Amino acid sequence: MTSSIDFSQALQTAIEAAHSGAATLMAYFHRRDDLVVEYKSRNDFVSQADKDAEQAIIDKLATLTPQFAIVAEEGHSVTKPDAIATWYIDPLDGTTNFLHGIPHFAVSIGLIAHQGTVLMPGMSPLSEDTPIVSVVYDPCREELFTALYQGGCQLNGHRIRCSNTQSLDDALLATGFPFRDFSFEEEFQPTVQAAIHRTRGVRRYGAAALDLAWVACGRVDGYWEFRLAPWDVAAGVLLVREAGGIAKDLYQQLSWPKTGNVVASNRQIFEDFYAMLAPSLKKPD
């Protein structure tokens with residue numbers, strides 16, 4: 001895998017795809033009572049809005065970047081065994097918020113370059129799979145978060161950075177509660193207990209991609225969550241990294257948190273933040 005990647009084309013494609021998906025979402029958001037909602041499992045829903053937005057996004061990505069594979073939440077994936085990179089798509093991050101009329105949800109699109117890929121002429125091949133292009137779009141606030149590998153992070157075209165909070169005592173954190181998979185409850189509860197005693201506060205907003213985007217722009221100082229899906233975090237991880245922060249696999253086993261166990265914060269508090277969480281973590285199977 002020695003081909004280089006046109007970063008500008010990939011980013012522009014992701015932006016266009018995110019806007020296409022968001023337009024579909026907003027059309028449904030204003031007539032939610034008409035939505036057909038399917039129950040995949042307890043507290044796990046998919047609506048026609050998710051499906052149609054995902055199809056709009058995939059149509060755009062497949063047309064403009066046919067060389068890349070696609071992994072999408074609702075199953076409309078495109079397999080390409082020899083692809084040098086893969087799009088990870090969440091067409092509606094924050095489905096429960098969306099269905100209840102809470103204006104806090106996003107389209108999340110991240111491009112992961114695979115190990116061995118040469119990103120640009122003259123660069124060494126990647127030693128591990130690496131997030132390289134990110135778009136998280138919040139259509140209710142009209143906030144477009146974008147990032148490129150080694151190219152910085154922006155909000156609506158303006159450079160953003162993680163917060164400058166120096167102490168965990170002064171930090172505002174975000175997390176996500178178990179709602180579908182309760183297998184990690186024994187790990188999660190002690191982390192919340194520690195956080196509410198060690199920090200300024202903990203928030204639960206219900207959209208992982210926006211939690212990571214908000215770490216990137218300094219609205220919250222740190223974020224952790226267990227057992228998400230790869231499409232929940234693929235874009236947000238790069239946002240944080242390019243905004244000067246740290247975003248890692250919670251168990252420190254993977255190059256990016258593909259299994260959805262994620263911890264992210266500004267650099268100043270990360271060591272203390274992780275040390276607070278670590279005693280409760282059990283090595284995954």
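Helix α1 passes helix α2 in a right-handed crossing, a term used when the near helix is turned clockwise from the far one by less than a right angle, with anticlockwise being left-handed. This is a predicted model, in which local features need pLDDT of at least 70, side-chain atom pairs count only at pLDDT 80 or more, and totals for chains, interfaces and linings use all residues. Residues are numbered from 1 along each chain as its sequence is written, and side-chain values use heavy atoms, with hydrogens and water left out.

Helices and strands here are DSSP runs (helices H or I, at least four residues; strands E, at least two), numbered from the N terminus. Two packed helices are described by the angle between their axes and the distance between the axes. Axes are lines fitted to C-alpha atoms, for helices over the stretch in contact, and angles run from 0 to 180 degrees between N-to-C directions.

| Pair | Angle | Axis distance |
|---|---|---|
| α1 (residues 7-29) and α2 (residues 48-64) | about 155° | 8 Å |
| α5 and α6 | roughly 0° | within 8 Å |

Contact means heavy atoms within 4.5 Å. Where α5 meets α6, the residues are A208, A209, L212, A213, V215 and A216 of α5 with D232, V233, G236, V237, L239 and V240 of α6. By class, this contact has 10 nonpolar, one polar and one charged residues. Ala, Val, Leu, Ile, Met, Phe, Trp, Tyr, Cys and Pro count as nonpolar, Asp, Glu, Lys and Arg as charged, and the others, Gly among them, as polar.

Helix α5 (residues 208-216) is largely enclosed by the rest of the structure, because nine of its nine residues are buried; buried means under 20% relative accessible area, exposed over 50%, and partly exposed in between (1.4 Å probe, protein chains only). W214 and D211 are among those buried residues. Just after α5, G218 takes a positive phi of about 85°.

Now to the sheet. Seven strands form an open, mixed sheet in the order β3-β4-β5-β6-β7-β8-β9, where two strands pair if DSSP finds at least two bridges between them. Its edges are β3 (69-72) and β9 (158-159), each pairing on one side only.

α1 covers β4 (85-93), β5 (106-113), β6 (130-138) and β7, running at about 30° to β6. α6 (residues 230-242) lies across β3, β4, β5, β6, β7, β8 and β9, at about 100° to β6.

β7 (residues 143-148) and β8 (residues 152-155) run antiparallel and are joined by four bridges, with F145 standing opposite L155 in β8. Three residues lie between these strands, and Q150 in the turn has a positive phi of about 60°. β8 and β9 pair in the antiparallel sense over two bridges, Q154 having R159 in β9 as its bridge partner. Their hairpin has two residues between the strands, and N156 takes a positive phi near 50°.
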